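Here's a quick tour of one model, going from a helix pair to a pocket and then the whole chain. Have the viewer open as you read.

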Amino acid sequence: MAGVPLALIGSVAAHWIAGLPLSIASMMGFVTLAGISTRNGILKISRYINLALHEGETFGPALIIRGSLERLTPVLLTALSAGLALMPLLVGASEAGREILHPVAVTIFGGLLTSTALDAVLTPTLFLTFGRKPLERLTAAHAGALKPAEVY
């Protein structure tokens, strides 16, 4: 969820640069963007956990760097493909039929830029700072030392 404010920063900046007001359409774009940025963070953390549980990596910077690099390509490709798909809606905003879709495209595109760039630093840093104890509990539960109810 830490990626959502990062995405909103880019969306607000994109709206300001484009001179667009806040509208219902742009709010729908914020919701979509929150889902995309949250999914990217979840996939990255899931990779860290899988590296520790199934591939024997120990908690530390090496795990974070490996997991981040392995998830970098899918995240960048998702952002790139979404950005390219939004290009027709970003240009020609005054054309008929684009008055609703243009603010959505500006919201998502601006948020994708900042979310993708800043999440590459924020999620690994947060996991390195706060992830040791939860990962140790999951590792112990996976090894059978704890019952599933004791993990949480």
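## How H1 sits against H2

In this predicted model, helix H1 (residues 3-18) packs on helix H2 (residues 24-54) at an angle of about 145°, and their axes are 9 Å apart. The crossing of H1 over H2 is right-handed.

Who's touching whom? On the H1 side, the contact is made by Gly3, Val4, Ala7, Leu8, Ser11 and His15; H2 brings Ser26, Phe30, Leu33, Ala34, Ser37 and Thr38. Sorted by class, that contact splits into six nonpolar and six polar residues, with no charged ones.

## The largest pocket

The largest pocket holds about 180 Å³ of space. Its lining counts 13 residues, and those closest to the centre are Met1, Ala2, Gly41, Ile45 and Thr123.

Which helices supply at least two residues each to this lining? H1, H2 and helix H4 (101-130) do, with H2 giving the largest share at five residues.

## The chain as a whole

Zooming out, the protein chain has six helices and zero strands, so the pattern along the sequence reads α-α-α-α-α-α.

Why call the chain more spread out than a compact globule? Its radius of gyration is 19 Å, while the globule rule gives 15 Å for 152 residues, so the chain comes out well over that value. Taken along the principal axes, the C-alpha atoms fill a box of roughly 60 × 30 × 20 Å.

Note on methods
Residues numbered from 1 in each chain as written. Predicted model: local features only at pLDDT ≥ 70, side-chain atom pairs only at ≥ 80, totals over all residues. Heavy atoms only, no water. Axes fitted to C-alpha atoms, helices over the stretch in contact; angles between N-to-C directions. Helix = DSSP H or I, 4+ residues; strand = E, 2+ residues; numbered from the N terminus. Left-handed = near helix turned anticlockwise from the far one by under 90°. Contact = heavy atoms within 4.5 Å. Nonpolar A, V, L, I, M, F, W, Y, C, P; charged D, E, K, R; others polar. 1 Å grid on protein atoms, 1.4 Å probe; cavity = no way out; pocket = protein on both sides within 12 Å on 5 of 7 lines; lining within 4 Å. Points joined across faces, edges and corners; volume = space filled by probe spheres on them. Rg over C-alpha atoms; globule rule 2.2 N^0.38 Å.
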